[in-house]
Amino acid sequence: PARRAKGRRAAKRDKDDDGSEDVSVVQPNKVAIFTNEYPPNIYGGAGVHVEYLSQALARIIPVEVRCFGTQDVNEGNLRVKGYLGWDEVKLNTDPRFTGALDALSRDLLMAKDNFDADIVHAHTWYTQLAGFWAKRLWGVPLVVSIHSLEPLRPWKVEQLGNAYHLSSWMERTGIEQADAVIAVSKETRNDVLAHFNVPPERVHVIHNGIDLNEYQPTPNTDAIRRYGIDPDRPYVLFVGRITRQKGIIHLVNAIPELDPELQVVLLAGAPDTPEIGREMQERVAAVSASRDGVFWIPEMLPRPDVIQFYSHASVFVCPSVYEPFGIINLEAMACETAVVASAVGGIPEVVVDGETGVLVPLSLKPGTFEPVDPAEFSSDLAAAVNRVTSDPDLQARMGRAGRRRVEERFSWDAIARQTLDLYGTLLEASGRS
């Protein structure tokens with residue numbers, strides 16, 4: 001492959017206590033980010049992460065995003081190009097296989113395209129194989145970010161059938177061949193080391209971030225009223241996909257034990273499978289028959305509308321059974337909303353129990369992500385919600401503390417700087433500085 005420009009030295013930024021400046025770090029001339037999700041195709045936390053990280057990086061260096069879709073954007077330092085898969089992979093096969101096969105075909109297209117970046121940075125199993133191929137074809141260091149892990153999502157067999165083994169292989173190849181692995185939490189780093197053959201020194205923790213200007217309390221309520229919800233009456237909020245991972249069925253099962261004065265708002269769409277979609281319909285119908293004020297909004301709402309829902313909720317609930325980080329908790333906290341969340345994965349690194357919210361203990365059956373006692377977990381969720389919503393002063397204190405925490409620890413500019421520093425260490429190690 002053709003030689004690309006070497007990374008450049010970044011401007012010196014900070015001063016030590018004695019007044020001397022820090023040693024400058026190597027900075028790439030350009031980075032390529034490979035991802036499945038990118039606006040307007042966002043359906044999960046990984047897509048939100050890539051959107052904001054790429055924009056924050058582009059304020060400093062040129063960034064090229066290669067993603068699944070038809071995107072074609074040129075805005076200053078940011079170039080976005082979408083890729084469509086090979087239709088042949090969807091013909092004459094089990095429909096469950098098409099997701100992984102489609103990703104495989106798009107990965108090849110992403111990797112083979114002419115490449116002039118110094119670093120390739122791949123997100124999720126969908127593009128980690130593309131990152132590996134680009135590393136080999138173009139001779140650049142590979143970084144992969146871990147937003148979730150296939151070995152910890154066995155329920156995906158329901159979604160992908162035996163193609164789950166293909167997605168797992170794609171993920172394993174990318175992770176184990178990466179020059180650096182970014183885990184979004186300490187717990188996720190532990191999971192990587194437990195399930196993959198990766199030297200510990202290659203696995204780094206860089207948290208997700210939040211756009212503090214965009215995610216902040218708003219007085220607007222037009223979107224809330226549009227769906228028949230009374231913003232002057234307290235409500236519980238869920239935001240997320242309908243998937244086993246997000247634990248939404250456990251929350252729906254908790255509704256009969258919630259204070260009857262509470263409205264329940266479920267911004268829940270994109271079911272992983274028809275089966276869980278039907279289960280969701282049945283459970284919501286059952287609880288709605290015994291109480292009013294249950295609102296299920298199945299479509300993906302514009303971000304300003306979601307911020308309204310966060311801002312006026314009495315409590316936000318994250319009942320996940322598996323959550324490497326939980327960016328939705330950051331979004332709620334940035335909008336000064338108290339959080340009730342399961343104490344799993346990276347969530348305790350975000351939500352401080354008793355300060356920004358309440359963490360609900362969750363015991364899982366060995367080797368699974370099924371609660372040992374699903375009814376007890378639902379009851380514990382309901383008790384935590386009732387505790388917070390019954391005390392307006394507690395809600396307000398937790399909301400203010402949550403906003404302070406995201407301001408201090410989770411800005412995207414800080415995340416981008418940490419990521420750039422990691423790129424620099426790889427360029428130095430590879431002799432490209």
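# Sheet, helix and rings

Biologist: At about what angle does helix H12 run to E16?

Modeller: In this predicted model, helix H12 spans residues 374–389. Helix H12 lies across E11, strand E14 (315–318), strand E15 (339–342) and E16. Relative to E16, helix H12 runs at about 165 degrees.

Biologist: Which are the edge strands of the sheet?

Modeller: The sheet is open and has six strands with parallel pairing, in the order E13-E12-E11-E14-E15-E16. An edge strand pairs on one side only. That condition picks out strand E13 (294–297) and strand E16 (357–360).

Biologist: By how many degrees are neighbouring strands of this sheet turned against each other on average?

Modeller: Direction is ignored for this value. On average, neighbouring strands are turned by 20 degrees.

Biologist: How many bridges join strand E11 to strand E12?

Modeller: Strands of a sheet pair through backbone hydrogen bonds. Strand E11 (residues 235–241) and strand E12 (residues 263–269) run parallel, and Phe238 stands opposite Leu266 in E12. The number of bridges between E11 and E12 is seven.

Biologist: What kind of aromatic pair do Tyr227 and Phe309 form?

Modeller: The structure holds nine aromatic pairs. In the pair of Tyr227 and Phe309, the centres are 6.5 Å apart and the planes make 55 degrees. Planes under 30 degrees apart would count as stacked and over 60 as edge-to-face, so this pair is tilted.

Biologist: How many residues apart are Tyr227 and Phe309?

Modeller: Tyr227 sits in the loop between helix H7 (222–226) and E11, while Phe309 belongs to helix H10 (residues 303–312). Their pair links distant parts of the chain, and the separation is 82 residues.

Biologist: Is Phe309 buried or exposed?

Modeller: Tyr227 is partly exposed, with a relative accessible area of 27%. Phe309 has a relative accessible area of 0%. Buried means under 20%, so Phe309 is buried.

Biologist: What is the angle between the planes of Tyr310 and Phe316?

Modeller: Tyr310 and Phe316 are both buried. Their aromatic pair is edge-to-face, at 5.5 Å centre to centre. The angle between the planes is 65 degrees.

Conventions: Residues numbered from 1 in each chain as written. Predicted model: local features only at pLDDT ≥ 70, side-chain atom pairs only at ≥ 80, totals over all residues. Heavy atoms only, no water. Pairing = 2+ DSSP bridges. Helix = DSSP H or I, 4+ residues; strand = E, 2+ residues; numbered from the N terminus. Axes fitted to C-alpha atoms, helices over the stretch in contact; angles between N-to-C directions. Contact = heavy atoms within 4.5 Å. Phe/Tyr/Trp six-rings, centres within 6.5 Å; stacked < 30°, edge-to-face > 60°. Buried < 20%, exposed > 50% of the residue type's maximum accessible area, 1.4 Å probe, protein only.
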